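Please examine the model shown here together with its sequence. The report below concerns selected local features.

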Amino acid sequence: MIDQDALMAALKNVYDPELGVNVVDLGLIYDVEQHGGKITVAMTMTTPGCPLHESMLRGVGDALNGVPGVERVEVRLVWDPVWTPERITLAGRKALGWAA
Amino acid sequence: MSQPVTTPTMPDPAQPLPSMPAGPLLSGLSTSRAASLSLPLRYMVAGLAFAVLAFGFALAYSPSFLGTVFLTPRLLAVTHLTALGWLTMVAMGALYQFIPVVLDVPIFSERLGKVQFYLYLAGVLGLTVEMGTGRTQVMAWPAGLLVLAVGVFLYNAARTLARVERWPLTGWYILAALTSLALVVTVGFALALNLTLGFLPLSQLAFVEAHAHLAALGWLGLLVMGVSYKLTPMFALSHPFNEWRLGRPIFILLTAAVVGLFVSLLLRLGQAPLLGCWSVAAIGIGLYAWDYATMLRVRRRRPIDLTQQHNIAGLGGLLLTTLLGLALILVPAETDLHPRLQLAYAAASLGGWIGLTTLGQLYKIVPFLVWTHRFAPRMGKAPVPLLKDLYPQVLARAGFGALLASLTIALAGILAGYLPAIQAGFGLCTLGAALTAVNLIRVVLR
């Protein structure tokens, strides 16, 4: 069993380079599943047609590949449910200047 | 999109990648549609250089702007340096980058795009040199080269757009803008030929005015507005915002106004039809300003970044252009004020509205392109800079401040007919454009 906190910590190193907020605090990560050494991530983007989506998906995969014990990573881009700003964590909101 | 695909690891030209386990399996992701770095960037770098040139020549030629004759060859040269060299050059590069991402189709032929760049560059240089030196009789040659270059661009765009399966709102604006561009170059070429052959049945000035409105509102204007409907909510995290609610009626109003203005100006239909078309355009522009304000009001990313500052200033330029347009219809053409209004109208629309907006968008597009190719391969493996870290913010803000202040001074000088203010304004504009160009070209060289 790979430490889930280690996986989330790795994901927090992947930033949206435009917004300056990591993918976890942006609420883009919908699910992280483990099956032995294989990790499956379901994630979304803030909007379809986001020009950064390919880079971010790859970044998420590469970040998880660096966690000890991970043998294989699959990153799935999903659009259901649709992302909304309500998914942004408090830390993310503070980084965006949106405290409410 | 439904089958998982393993995409190849992108090479990093700057630094070798550390060895890693097998790459991630990415699904829900089609193969990369983005254009190569060099295709859009060459247009943007050239466009930035032309922005500096355009303001520099506006400064050098400004004493001729206050004469009794409005459409001098020198003014035409500055106008085309701005509209073709700067704004259309950047617009073409931006579309080569933007269309694949937003409309989810690859560019039909990048090779055609690269060939077209050199044809277009030669055409712009040739046309503006012939205009600036007053050799208007031979303008048809470089104008022909421009028609060829734009024809290649439109062919490439048409073959690309033919593959689009789902049309977002921005796509419709792009389609209308490209249609306008086709007509703009056709009329422009006819004007250039007419200087030698004299075959046009209507007033040359009527053709020039129709041509200019089609270029500013139909081609560049619709493009800038359509792109803003995608980029502004995306960068500002505007939620909730329905782009179709006002975006669709605005599109209908503005395309109707473009057609109406073109026909009214070309056929010299008189004041009443012009006022009617102006009213339709003004309603569309007013609704657009309201919708833009809504995008900002509901944004979740609170700080107004540099691009949004440019866009807000550009929107101010659009509203000023609209008011100047009304003044142009109401003030009799025989008065001394009329040519100054015409000049201010052109400067407010091309420099104030489209120009500032375009430069603002470049502060997103250029760092994004460079980041994607230089730093994205390292994301998740090592710390990478943010987009805003790729250029000094101080220099960027200085360039924007200089441009905004100088355009205001230049416009006030034009309306007052006060040459020192015009010269000070265009001098400072040259400095502001140079600061922006240096800042962005340094990003490219990273």
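## Basis of the values

This is a predicted model, in which local features need pLDDT of at least 70 and side-chain atom pairs count only at pLDDT 80 or more, while totals for chains, interfaces and linings use all residues. Residues are numbered from 1 along each chain as its sequence is written, chains are lettered from A and ligands numbered from 1 in the order in which they are written, and side-chain values use heavy atoms, with hydrogens and water left out.

## Aromatic pairs

Over all chains, a search of the whole structure finds 15 aromatic pairs. Rings of Phe, Tyr and Trp (its six-membered ring) pair if their centres lie within 6.5 Å; planes under 30 degrees apart count as stacked, over 60 as edge-to-face and the rest as tilted. The pair B:Phe117 and B:Tyr118 is edge-to-face, because the ring centres are 5.1 Å apart and the planes stand at 80°.

B:Tyr229 and B:Phe241 form a stacked pair, with 6.4 Å centre to centre and 15° between the planes. B:Tyr229 belongs to helix H6 (residues 204–236) of chain B and B:Phe241 to the loop between H6 and helix H7 (243–266), so the pair ties together parts that are 12 residues apart in sequence. Helices (H or I, at least four residues) and strands (E, at least two) are DSSP runs, numbered from the N terminus. Both B:Tyr229 and B:Phe241 are buried; buried means under 20% relative accessible area, exposed over 50%, and partly exposed in between (1.4 Å probe, protein chains only). One aromatic cluster is formed by B:Tyr173, B:Tyr229, B:Phe241, B:Phe251, B:Tyr288 and B:Tyr292.

## Charges over rings

A charge sits over a ring if NZ of Lys or CZ of Arg is within 6 Å of the ring centre and within 35 degrees of the ring normal. B:Phe117, buried with a relative accessible area of 6%, has the charged end of B:Arg42 over its ring, 5.9 Å from the centre. In chain A, A:Arg93 lies over the face of A:Trp98, at 4.4 Å from the ring centre.

## Two residues of chain A

A:Asn22, in strand S2 (residues 21–22) of chain A, is buried, with a relative accessible area of 5%. A polar atom of the A:Asn22 side chain lies 3.0 Å from the backbone nitrogen of A:Val24. Leaving aside neighbours within four places in sequence, A:Asn22 is in contact (heavy atoms within 4.5 Å) with A:Leu11, A:Lys12, A:Val14 and A:Tyr15.

A:Leu90, in helix H3 (residues 90–95) of chain A, counts as exposed at 53% relative accessibility. The C-alpha atoms of A:Leu90 and A:Ile39 are separated by 26 Å, the two residues being 51 residues apart along the chain.

Technical notes: Polar contact = N/O pair within 3.5 Å; in protein donor to acceptor, adjacent residues only side chain to side chain.
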